[in-house]
Amino acid sequence: MTPPAKAADAVATVVAPDAAWLARQPAEPILEPALAIVDPHHHLWQRRGHRYLLDELLQDTGSGHRVLATVFVDCVAFYRAEGPAELRPVGETEFANGVAAMAASGLYGDTRVCAGIVGHANLTLGAAVRPVLEAHLRAGNGRFRGIRHAGGWDASPQILDSHTRPPPGLYGEARFREGFAQLAPLGLSFEAWQYHPQLPDVLALARAFPQTPIVLNHCGGPLGVGPYAGQADAVYAQWRRDLLALAACPNVVVKLGGLGMRITPFGFDRRPAPPSSQELAEAWKPWVETCIEAFGARRCMFESNFPVDQVSTGYAVLWNAFKRLVAGASCDEKYALLAGTAARVYRLDLPSA
């Protein structure tokens, strides 16, 4: 049976944060401002009247927390307009590397923006993707770390597919896996972005390629819209079961974040006013604690997912919420969750933290 048609792709429907609504979020004192942070997942773009580039990111990272470095992740930004289709995503890496060079000059402050870069390559090219990966490595000038080929798909026409417009079962396709097999020999990791019903697909992939590091994005993608609306308990139960199975694969780490997106079960963006960090921490606690208990602090890293999660909260309040979630952790565990895991996974050289 042919899957039902989707109205639009995810990129085309990215909604800009509501600045007036965000302005209603009360300012909070920065919790534990000396704690080192590496933000391992953010985007930069200019689309549909919404700009989030270096200036906007630095306003956020400079809002009080000690953000030492960041990792840029693919978002179909600044692809090449010409040339072979398979090489056009390399333009995004060229762009991110340029931003990284600006930040590395020190003229924009101490935060090393885009110190790591994750791009996109069409892994369904199979072995023919190898030259594309090598082009990314050259363009990244020592900063390129991995590939994200998003696989988010759901049978419901109410759930938008990922920006790569994947078919169902992408991570199990033979051609995709042939392309995936090119990553480890080049020292590259894979970013898995899919929805929670697809976690078994990531598990099968991790078991088939135990030598390839896999970074699970956004706590595994719990859904709370369309047929999943009002089903938070059932979603949590299915998500938890599959997440625990995935945690048994030592080559998988998980990013703790993405829970402010419009597609999640929480709906903070639909409230009259933005939440406090306490409200965020209370809502996200069962999900974040499950991840940390399953994977351990050294295999978990908090992420902003900005500007996407900006529809629910400001940057300073977001990291306050994360700090609340680890208030009872040891110093070593806090460092791992806020900076250390990201620095190790993305091989970043940090100043003394």
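Trainee: How do I read the accessibility of Cys114, and is this residue buried or exposed?
Mentor: Buried stands for under 20% relative accessible area and exposed for over 50%, with partly exposed in between, using a 1.4 Å probe and protein chains only. At 0% relative accessibility, Cys114 counts as buried. Bear in mind that this is a predicted model, in which local features need pLDDT of at least 70 and side-chain atom pairs count only at pLDDT 80 or more, while totals for chains, interfaces and linings use all residues. Residues are numbered from 1 along each chain as its sequence is written, and side-chain values use heavy atoms, leaving out hydrogens and water.

Trainee: How many disulfides are there?
Mentor: A disulfide is a covalent bond between the sulfur atoms of two cysteines, and it is assigned here when a pair of cysteine sulfur atoms lies within 2.5 Å. By this rule the count is 0 disulfides. For Cys114, the nearest cysteine sulfur belongs to Cys75, 9.7 Å away. Cys219 is in no disulfide either, the nearest cysteine sulfur being that of Cys291 at 4.3 Å, and Cys219 is buried, with a relative accessible area of 0%.

Trainee: Which backbone nitrogen does the side chain of Thr70 reach?
Mentor: A polar contact is a pair of N or O atoms within 3.5 Å; within protein, one must be able to donate a hydrogen and the other to accept it, and residues adjacent in sequence count only if both atoms are side-chain atoms. The side chain of Thr70 reaches the backbone nitrogen of Cys114 at 2.8 Å. Thr70 belongs to strand β4 (residues 66-73), strands being DSSP runs of E with at least two residues and helices runs of H or I with at least four, numbered from the N terminus. Thr70 is itself buried, at 0% relative accessible area.

Trainee: Where is Asp154, and what does its side chain meet?
Mentor: Asp154 sits in the loop between β6 (144-148) and α5 (174-180), and is buried, with a relative accessible area of 7%. Its side chain reaches the backbone nitrogen of Ser156 at 3.0 Å, and a polar contact of 2.5 Å joins the side chains of Asp154 and Tyr228.

Trainee: What is the strand order of the open sheet?
Mentor: Two strands pair if DSSP finds at least two bridges between them. The open sheet of 8 strands runs β1-β4-β5-β6-β7-β8-β9-β10, with parallel pairing. β1 (36-42) and β10 (300-302) stand at the edges, each with a single partner strand, so one side of each has no neighbour in the sheet. Between β6 and β7 (residues 189-192), which run parallel, there are 3 bridges, and Ile147 has Phe190 as its bridge partner in β7.
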